[in-house]
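Visitor: Hi! Could you walk me through this structure?

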Amino acid sequence: MSSEPSASRNRLVLVVYTAAIFVSALLLFSVQPLFTKMVLPRLGGSPAVWSVAMVFFQSLLLGGYAYAHLLMKLNSRVVPIAVHLVLLVVALATLPLSIRSGWGEPPTSGYAVWLLGLFAVSIGLPFFALAANNPLLQAWFVRTGHPNGPDPYFLYASSNIGSFLALLSYPVLLEPMFTLRTQNLIWTGGYGLLIVLIAGCGVLLLRSPAGAGALNMQVDDADAPAPSWSRRTRWIFLAAVPSGLLIAVTAHISTDVAAAPLLWVLPLSLYLLTWVLVFQSRPLLPHKWMLLAQPLAIAGVVILLAVGGEQNLLLTLGGHQLCFFIIAMACHGELARTRPAAKYLTGFYVALSFGGMVGGLFAGLIAPFTFSWIAEYPILLALAALCRPPGGAERLPRWSAWYWPFLAVLAVALIAPSYSAGDIFNWFDDHRVWVIGAVGALSALLALALNANRWKIFATVVVALVVLRAYPSDDGRVETVRSFFGVHKIVVTPNGQYHVLMHGTTIHGAEKFKNDDGTPVTGRPEPISYYHKDGGIGQAITAMRERKGAPLKVAVIGLGSGTLTCASAPGEDWRFFEIDQSMVDTARDPRYFTYIQSCEPNLKPVIGDARLTFAKEPDGVYDLIIVDAYSSDAIPIHLATEEAMAIYKEKLAPQGAVVMHVSNRHLELASVVVGIADANDMKSWVYSEDSGRDNEYIFSTSVVVSAREEEDVGKLASSDVWTETDANEKQRVWTDDYSNVLGAVYRRLRDGEQ
């Protein structure tokens with residue numbers, strides 16, 4: 001054998017190793033939305049499922065990198081190859097992917113720990129094996145003696161291209177085109193192909209000239225000391241901040257749309273794209289450009305958070321993600337700039353994955369149990385300012401020395417009025433966006449014009465974010481309640497007339513506490529918001545009551561503020577199903593809402609995901625089933641499938657009906673419900689009308705009523721405002737195995753809100 005690899009053999013090594021790393025990354029990141037979507041129905045479609053999943057994936061990534069690091073410390077070529085191939089084959093034996101038996105129903109608390117256990121026993125082994133491939137194959141590549149061996153980081157870019165394509169293709173191609181079962185089989189076939197490619201990499205390594213890898217490793221030996229612990233700590237910090245921001249941004253944007261792979265993969269795709277770009281030999285976006293843009297991106301997020309309120313879909317998705325992309329590019333660019341020599345490669349990747357895990361743990365597990373609001377987003381945003389490299393000499397040094405006392409005075413001047421209720425507070429409250437935006441812009445000015453110390457930029461961003469918290473965008477007094485299922489706000493309007501329950505920018509319920517003349521409301525509370533007697537849900541209840549001519553037996557999926565407890569009539573039996581105990585506690589608290597106290601004081605809701613709990617109800621007993629889990633935020637898709645409607649139909653009395661509330665700013669869901677009803681041989685009527693009474697907290701609603709026969713829905717069948725609607729034959733029916741959120745978003749953008 002020649003002591004030097006031939007040019008043709010070098011090409012073969014490059015092609016096989018690049019292909020193996022690409023396929024491995026493709027599998028690694030396509031399994032994340034695939035398996036998480038399989039798990040979603042267990043926990044109500046909560047966005048937190050994705051956050052916990054990300055913590056699991058990042059933690060196992062660290063495990064895989066550490067395993068690769070230890071394996072490559074062995075003074076052998078054969079042992080690492082043999083051990084890793086055995087691991088891959090054993091993992092293949094656990095496929096196709098499935099939720100392991102015994103993990104079908106979650107507990108009533110401790111959801112995050114339960115989810116981590118479910119992921120570990122279900123996909124832990126194949127994911128662990130995949131996680132090790134990137135650093136392991138790069139280390140093997142160095143030892144093949146390939147001319148590019150001394151700087152193998154370009155393979156990391158190849159890996160992230162595979163990851164990026166996997167994530168981008170999932171919501172656009174895989175989810176709309178294939179069922180979950182077909183996706184699973186395709187993924188399993190890809191895993192088998194990967195084993196063949198890695199075996200090929202092993203063979204090429206074993207056939208490399210003896211000592212070829214050592215030559216590559218020695219290129220940097222003379223002047224490449226081991227990275228210091230301060231540098232390793234810096235790597236961890238630079239990896240942790242964008243990793244945590246990834247989860248925080250994802251939670252922020254998915255709160256108001258849907259807990260679906262479409263929205264998970266957008267920020268994650270951008271996150272991976274940053275790794276692709278920064279590790280190119282000639283980056284498409286130079287690092288110095290990103291460092292210049294980073295302060296503007298931080299200020300941009302501050303302004304977006306200040307604007308808050310009713311942002312449109314494109315602004316919410318585009319603005320936050322563009323700023324996140326720039327911030328992540330700056331952080332990851334610093335990592336690429338300070339990367340070590342090839343012989344320290346696996347240790348570098350361990351530091352990166354450890355930082356990723358730390359950021360994920362903070363944003364995905366620690367913050368939800370520590371803060372009553374989504375504090376992790378602004379905290380990580382401020383920390384991003386510290387990811388900037390140590391600056392050079394500040395411009396205008398004579399003035400820069402006075403900046404700290406100036407900032408202290410500014411902070412006091414801006415924050416102190418928030419503790420009063422005078423004219424100054426009212427002025428700041430009215431001009432909050434401009435004030436917060438100005439402080440955010442000041443931080444950018446410090447970085448760009450004055451080349452200020454990063455601690456000054458950090459402190460200025462902190463002041464802007466504290467002011468943001470001191471003057472919230474919601475009118476009136478705000479209290480927050482946080483659980484695994486999200487952050488709920490109870491807003492008391494300025495005059496105390498209404499108490500409003502919100503999730504993100506979505507109103508879930510409201511109660512009128514004072515009349516227009518300021519006197520207290522007395523007697524039985526009147527259902528308002530989406531549940532007013534003149535709205536779609538109110539009309540459906542009245543029609544079913546008149547049709548039966550006797551007290552109804554009703555099931556309601558989703559408690560909210562408890563409004564529908566006051567829609568019941570004497571002698572009726574109403575049973576509520578709610579997944580979030582904190583929601584029940586909020587609705588019971590008379591400081592917030594009095595519906596339950598006034599109308600159903602002995603209410604005992606069934607806690608748990610309705611697909612699991614409602615399926616246990618006796619068949620054929622309910623005159624009316626109201627599914628109220630779709631009001632303009634993270635929709636639980638598994639409650640709007642053909643199989644879900646089959647369960648509802650089984651539970652209906654002979655002349656019963658299903659009412660589904662589908663009001664949504666971003667997704668068109670009425671046709672989805674019509675389709676799943678038609679698949680179960682049920683007819684549907686659609687109601688969509690603007691109340692014109694938003695100032696009274698009585699909102700327009702979109703409602704679909706489905707029943708076996710026309711006479712089952714009473715007078716709704718002949719009503720001018722209810723339209724009998726046939727299923728669209730060109731639109732694929734949603735099932736537990738198939739859903740198309742992208743299509744629902746497109747229909748809403750195409751048709752607008754009805």
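Visitor: Where is Tyr-697?
Guide: Tyr-697 is in the loop between strand 10 and strand 11 (701–707). Helices (H or I, at least four residues) and strands (E, at least two) are DSSP runs, numbered from the N terminus.

Visitor: And what is its phi?
Guide: Tyr-697 has a positive phi of about 60°, although it is not a glycine. Most residues other than glycine have a negative phi.

Visitor: Which other residue has a positive phi without being a glycine?
Guide: Asp-681 has a positive phi, also about 60°. Asp-681 sits in the loop between helix 24 (670–678) and strand 10 (683–689).

Visitor: Is Asp-681 buried or exposed?
Guide: Asp-681 counts as exposed because its relative accessibility is 63%. Buried means under 20% relative accessible area, exposed means over 50%, and partly exposed is in between, using a 1.4 Å probe and protein chains only.

Visitor: Before we go on, what kind of model is this?
Guide: This is a predicted model: local features need pLDDT of at least 70, side-chain atom pairs count only at pLDDT 80 or more, and totals for chains, interfaces and linings use all residues. Residues are numbered from 1 along each chain as its sequence is written, and side-chain values use heavy atoms, leaving out hydrogens and water.

Visitor: Okay, zooming out. How many helices and strands does the chain have?
Guide: The chain has 25 helices and 12 strands. Its C-alpha trace spans about 95 × 70 × 40 Å along the principal axes.

Visitor: How much of the chain is buried?
Guide: Of its 754 residues, 59% count as buried.

Visitor: What about contacts between residues well apart in sequence?
Guide: Take the contacts between residues at least 6 apart in sequence: 77% of them join residues at least 24 apart. Contact means heavy atoms within 4.5 Å.

Visitor: Can we look at one residue's contacts? What does His-488 touch?
Guide: Not counting residues up to four places away in sequence, His-488 touches Glu-479, Thr-480, Val-481, Leu-501, Met-502, His-503, Asp-580 and Met-583. His-488 is in strand 2 (residues 486–492), and it counts as buried because its relative accessibility is 6%.

Visitor: New topic: aromatic rings. How many aromatic pairs are there?
Guide: The count comes to 24 aromatic pairs. Rings of Phe, Tyr and Trp (its six-membered ring) pair if their centres lie within 6.5 Å; planes under 30 degrees apart count as stacked, over 60 as edge-to-face and the rest as tilted.

Visitor: Where is the cis peptide bond?
Guide: A cis peptide bond joins Leu-95 and Pro-96, with omega about 0°. Pro-96 is in the loop between helix 3 (78–92) and helix 4. Most peptide bonds are trans.

Visitor: Last one: why does Tyr-530 count as buried?
Guide: Tyr-530 counts as buried because its relative accessibility is 9%. Tyr-530 is in the loop between strand 4 (506–512) and helix 19 (536–548).
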